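I opened the model today to look up a few things. My list covers the contact between the chains, the charged pairs and the nonpolar cores.

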Amino acid sequence: MSRIQTTFDALKQQNRRALIPFFTAGDPHPSLTVPLMHAMVAAGADVIELGVPFSDPMADGPTIQRASERALKQGMSLRGVLNLVAEFRQQDNSTPVVLMGYGNPIEAMGWDVFAQRCAEVGVDGVLTVDFPPEESHDAFEYLQAHGIDPIFLLAPTTEDARVEQVAKLARGYVYYVSLKGVTGAGNLDLSAIEQKLPQLRKHIKLPIGVGFGIRDAVTAQAVAKLCDGVVVGSRIVQEIENSNDATVIANVSALVNELRLAINQA
Amino acid sequence: MYNYPDSTGHFGQFGGIYMAETLIPAVEELRVQYLRYQNDPEFKAEFAYELKHYVGRPSPIYHAKNWSDRLGGAQIYLKREDLNHTGAHKINNAIGQALLAKRMGKKRVIAETGAGMHGVATATVAARFGMECIVYMGAEDIQRQSPNVYRMKLLGATVVPVESGSKTLKDACNEAIRDWVTNVESTFYIFGTAAGPHPYPMMVRDFQCVIGNEAKIQMPEMIGRQPDAVIACVGGGSNAIGLFYPYIEEENVQIIGVEAGGYGIASGQHAAPLTANAKVGVLHGNRVNLMQDENGQITETHSISAGLDYPGVGPEHCWLKEIGRAQYVAINDDEAMRAFHDLCRFEGIIPALESSHALAHAAKIAPEMSKDKALLVNLSGRGDKDINTVARLSGIAL
């Protein structure tokens, strides 16, 4: 059984929701990525979404764009991200790690090599923002051959028939983008999420994580009442951006802990 | 018979719809609506009317006799897209998409622009059809193309400078996509070139094909036959595909696309993914030859011409190269500049720096050909917008 499924099964038994922090690998520095991952787990993260930096992050707002730029300036690459996951696994063999990014760095490496490396280093899921199911056949054959879960996005604009199609391909969990916009935008509409989720549940039997636009503990708690996992990205990346090397671990830990406590009360 | 793209938007391995989920329903709606109106008599009639009475089509073909004589070989003919309203081929596509936007009830249009010609064309049609218009433009391009920035503002558009990445066309595309994802229900993205997610490469091609369709009628009228080669510059490649597509099945007509060689292919500082055999990758919604590093990060490009300064190229050009129907070459900055000045001095036409690349290649091959051969070059735009760049490179302050 995959780490993702084990994690969500355990959470379900405890009637808890997953906290899924996102940050960009290599930001602010590659040497801080693994310590940040461990710190997040210690502060209550259930799954870690690790961003693979890309030169042209079209679905991201300014906060994550800047994180990508910082990481690329530090020499971060897909190869480097995979090595960091291997390093993380030396001390943590249970927390699921999902890589999130754009398709071209994977294309450049080759999906077969990438999927094999993911399995070797202990990556559990892969979310490729700009690869919809229509263009993903070969990619996902490679991922599944190596037991890696393809994670898909669903959006407020996704119609029923497409939800059904995604349900057939998705593994691990499904990531519902809670607003029409880029990451880090602030116009999340709780009632719209509340309306949409039952429609998704008709077809999606996997856990549903909700993200985009969750910027504080109050929102995280409200969203957690509606779904199985809460993804917080830009807010964490912002905390990294506003910290220095000496304070970043403590600051991010405090933020993740605050979110954890809020979600626990959902 | 050549029949591309397939129903899923692929030209062989190229093309497709590589977009984030939020935009998939939008491109699907666009595809359905385009297929609905593409052959609708009323839509076609309105498009034809606008092209004739607003754009001023058909654009003439001009025999550049002085220049041809000086070069001493093949005769060079120019398809005068520079004479269109707004001064470039971009208006053909902008009108087509605006008419579609109108039918889809979209009151807000957005666009990316490099040299500013597509931005001006979009601002123009937005004014013409009463739509709100936002144009994204790289901060560096805003510097290079300041006259066009002011033209857009005069036409009522909001020009948003893009400060991310290389601050050029690709970054403007990223920002326009971010706007679209945020305002997907109210907004029509008037994409400027024959690239991006399906149906854009097909739709933009179809709107631009008026160029080649006219030429196929005009050339026999002028010289009694079709030209030996058709030549056009290729950034994303919309003016080129508009000229090339109607000639694909004319087997005796050679098809040559001219990319921006910048400081030379060997320098690595260029915008010529096809000529440089760049690896196939995915950016801005489609799979194409793409300038990138070994880690799949998109590399910064260089061209003297903002409109060609783009790391990718339309998928149909990748396909035409792969099947061997078209040939792609690169022209360096200095070669393009020489052709720019030659056309000014010998024919009294100021060409766009983009089009100057196509002109320069014609000038390169014409002398090796006999005088009874004919080259048809797409003069895709006029060069008024480029005078600041040219003056600066000549050490002249305006």
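Which residue forms a salt bridge with Arg287(B)? I found Glu107(A), with the closest N and O atoms 2.5 Å apart. I note at the outset that this is a predicted model.

**Entry 1: the interface**

I counted the salt bridges between chain B and chain A and got 4. I then looked at polar contacts across the interface, and the rule finds 20 residue pairs, both residues at pLDDT 80 or more. Next I asked which elements of chain B supply the side that touches chain A. β2 (14-18), α1, α8 (169-182) and β11 (280-283) of chain B each supply at least two residues. α8(B) gives the most, with 8 residues.

I also took the totals. On the chain B side, 35 residues are in contact with 34 residues of chain A. The area buried between the two chains is about 2800 Å². Carbon and sulfur atoms give 49% of that area. Within chain B, Glu21(B), Arg178(B) and Gln297(B) lose the most area to chain A. Together these three make up 24% of what the chain B side buries.

**Entry 2: salt bridges within a chain**

I searched the whole structure and found 37 salt bridges over all chains. I picked out a few.

Are the two partners buried or exposed? Arg162(A) counts as buried because its relative accessibility is 11%, under the 20% limit. Glu134(A) has a relative accessible area of 25%, so I logged Glu134(A) as partly exposed.

Glu28(B) and Arg31(B) form a salt bridge, the closest N and O atoms being 2.8 Å apart. Both lie in helix α1 (residues 24-38) of chain B, 3 residues apart, about one turn of the helix. Glu28(B) is partly exposed at 36% relative accessibility, and Arg31(B) is partly exposed at 22%.

Then I took Arg57(B) and Glu214(B), which meet in a salt bridge at 2.8 Å, N to O. Arg57(B) is in the loop between α2 (41-55) and β3 (61-63) of chain B, while Glu214(B) is in helix α10 (residues 210-223), so the pair ties together parts 157 residues apart in sequence. Both residues are buried. I also noted a network in chain A: salt bridges that share partners join Asp27(A), Arg66(A), Arg70(A) and Glu241(A).

**Entry 3: nonpolar cores**

In soluble globular proteins, nonpolar side chains tend to be buried together. I looked for such groups here. The largest core has 191 residues. Phe23(A), Leu99(A), Phe114(A) and Trp180(B) have the most contacts inside this core. Why does the core lie between two domains of chain B? Domain 1 (11-51 + 90-204) and domain 2 (56-87 + 209-393) both give residues to the core, so the core lies between them.

I listed the contacts of Leu99(A), leaving aside neighbours within four places in sequence. Among them are Leu50(A), Val52(A), Leu78(A), Phe114(A), Cys118(A) and Leu127(A). A second, separate core has 29 residues, including Trp67(B), Val329(B), Ala336(B) and Leu375(B).

Notes. Residues numbered from 1 in each chain as written. Chains lettered and ligands numbered in written order. Predicted model: local features only at pLDDT ≥ 70, side-chain atom pairs only at ≥ 80, totals over all residues. Heavy atoms only, no water. Salt bridge = Lys/Arg side-chain N within 4 Å of Asp/Glu carboxyl O. Buried < 20%, exposed > 50% of the residue type's maximum accessible area, 1.4 Å probe, protein only. Helix = DSSP H or I, 4+ residues; strand = E, 2+ residues; numbered from the N terminus. Core = buried A, V, L, I, M, F, W, Y, C linked by side-chain atoms within 4.5 Å. Domains from an automatic or database assignment. Contact = heavy atoms within 4.5 Å. Buried area = accessible area lost by both parts, 1.4 Å probe. Polar contact = N/O pair within 3.5 Å; in protein donor to acceptor, adjacent residues only side chain to side chain.
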